[in-house]
Amino acid sequence: MILASRSDLPLDKDEHSRFLPWLIAFMVFLSILAVAGMLVLNATASRWDAGVRGTLTVQVVPSADAADDEARLNEVLTVLATSPEIAKYDAMDEARLIRLLEPWVGAAAGSADLPLPRLIDVELKPATDLTAAGLRKRLDLRVKGVTIDDHRVWLDRLVRMIETFEALALVVLLFIVLATIGTVVFTTRTGLAIHRDAIEVLHLIGAQDNYIARQFAGRALGLGVKGGILGLCLAAPTLWGLAHLAQSLDERLLPDIGFGPVHWALLLALPISVALIAMSTAKITVLRNLARML
Amino acid sequence: MITEFDEPIVRFENVGLRYGLGPEVLQDVSFSLDPGAFHFLIGESGAGKSSLLKLIYLALRPTRGLISLFGKDIATTPREQLPALRRRVGVVFQEFKLLNHLSAFDNVALPLRVAGVKRKDVNRHVAELLAWVGLKDHMKARPPTLSGGQQQRVAIARAVISRPRLLLADEPTGNVDDTMGYRLIHLFEELNKLGTTVIIATHNQQLVERLGYTQLRLDDGQFSVIPGRKQKAPPSEGRAQTAVETGKSTNSAADSRIDTEDTFRNPPNVENFL
């Protein structure tokens, strides 16, 4: 039996433990935010990774001779068409290229003075072993002045940054757990001191340490659940507000924080976990302290 | 074959006790009590009576010497086995040690609950015992609302509810008038007749002389035994005689186990003693 159905100790009258639900509520609130942040970052990294995995951009570097550029482009397309590892490819026309450049260089994007490379989006078949270097070698045999970008350089940097943020969120979560444990230990020890006489009576009439520990654990679980629900009530509108903010702003500025059922289940598990941590901590603290008594 | 009923209930061998670095409050205490004994533990205030009782009910460890309870050396008994020993000892504390936030009913029910007795049985036994000690109408009352005598009866009921083989009472007459004191002693005698070994610590010499049981005497930590004029006749159930420093009786008490359940079903009229 995890919990005693009733308590022989007046733990519910303890003034010192009244603040515990609020403290746990703040811990749960912070932990939900930390985990939500981790989930968002993780989803963003996955989305970016999935977006560029298996895609390459072939660039035909412009030369002074437009006819030569066109000939090289056709040669590249021929190589791509005869490569069985390639699922599809799409040569970007000049108009689209100019549209992409316009936000950055303005009207100059369409100027004849600005040499524009010819870009080809390439999508590899799944599970192929063709790499950017392999395709590059293959193209070099037929065409000069071609570069290949597999987007890995900037993506790796972004993923590293996200992983750093995730690690920080984990550290925050760890501190929250440690702070919760510390608070419960302190509260439990105070309770043990306050009820020392009653505990002595229970011992003398034959109560096992577990019998006494269960009463503290049950009380800690109750306070933990109360704090968990409070924390959840604080975190839910905060997350909703952030999600609403993300939707109302330019989606390129804020990542999408729309959660799936698994994410929500994970967030809901947090207050339950904190309550269980509080319960286990109280029980262990009582057992360790009682072990020092006769 | 030696059974637990052949073992002394309590055995002290050269037991000494000191608190911290202070002087020894008990020195070389040696005695053994066989099942069915009834003794007074006497001595002036501060002589060490409460300390001796605390050693017996395992609230203290001796500084030296050997104590065995129900045949088990407490020094070598693992800590997790001590609750089982304590459940066989009923204690009426000098200051009662009732839990003030619990009702009289819940206080008396505690020993059964910690022993894991079913709720239905707890309710039945506790209600019967409280009625037996004349507190039928005060079951829901909390100790602070009860008189000294009523609290004392709650404490006694708690001490006997789990059918202890050993009952210790520390100054049980200290807080009540003489009439009530004698009534309580008679209650203990009745319990003793039902098979419980009883030790009563008191400094009421008049009471001790009048009843005439063997006295365990403490003077500044020195222990001695004063045989009483009233020797308990060997109970018809075969209970062992008291053996204090004179060796154990040969009587077996193995067949003298009390059917306390039956006692509770058909309680003696203890109200007469209260």
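Is Val122(B) buried or exposed, and how many other C-beta atoms lie within 10 Å? In this predicted model, Val122(B) is buried because 21 other C-beta atoms lie within 10 Å of its own, where 20 or more are required for that class. Val122(B) has its place in helix H4 of chain B, which covers residues 119-132, and, when residues up to four places away in sequence are not counted, it touches Ala109(B), Leu112(B), Arg113(B) and Val117(B). Asp137(B), by contrast, is 15 residues from Val122(B) in sequence and 18 Å from it in space, C-alpha to C-alpha.

Chain B also meets chain A, with 16 residues of chain B in contact with 12 residues of chain A. On the side of chain B that touches chain A, helix H2 (82-86) and helix H3 (104-114) each supply at least two residues, and H3(B) gives the most, with 3 residues. The residues on this side of chain B divide into 11 nonpolar, 1 polar and 4 charged.

Chain A is assigned two domains, as set out below.

| Domain of chain A | Residues |
|---|---|
| Domain 1 | 11-49 + 155-290 |
| Domain 2 | 55-149 |

The C-alpha centres of domain 1 and domain 2 of chain A lie 52 Å apart. Helix H5 of chain A (residues 152-194) has 43 residues and reaches 62 Å from its first C-alpha to its last, close to the 63 Å expected at 1.5 Å a residue. Its buried residues, including Ile162(A), Ala169(A), Ile176(A) and Val184(A), pack against helix H1 (20-52), helix H7 (209-248) and helix H8 (261-290) of chain A.

Key: Residues are numbered from 1 along each chain as its sequence is written. Chains are lettered from A and ligands numbered from 1 in the order in which they are written. This is a predicted model: local features need pLDDT of at least 70, side-chain atom pairs count only at pLDDT 80 or more; totals for chains, interfaces and linings use all residues. Two residues are in contact if their C-beta atoms, placed from the backbone, lie within 7 Å. Helices (H or I, at least four residues) and strands (E, at least two) are DSSP runs, numbered from the N terminus. Ala, Val, Leu, Ile, Met, Phe, Trp, Tyr, Cys and Pro count as nonpolar, Asp, Glu, Lys and Arg as charged, and the others, Gly among them, as polar. Domain bounds come from an automatic or database domain assignment. The expected span of a helix is 1.5 Å times one less than its number of residues. A residue is buried if 20 or more other C-beta atoms lie within 10 Å of its own, exposed if 12 or fewer, and partly exposed in between; C-beta atoms are placed from the backbone.
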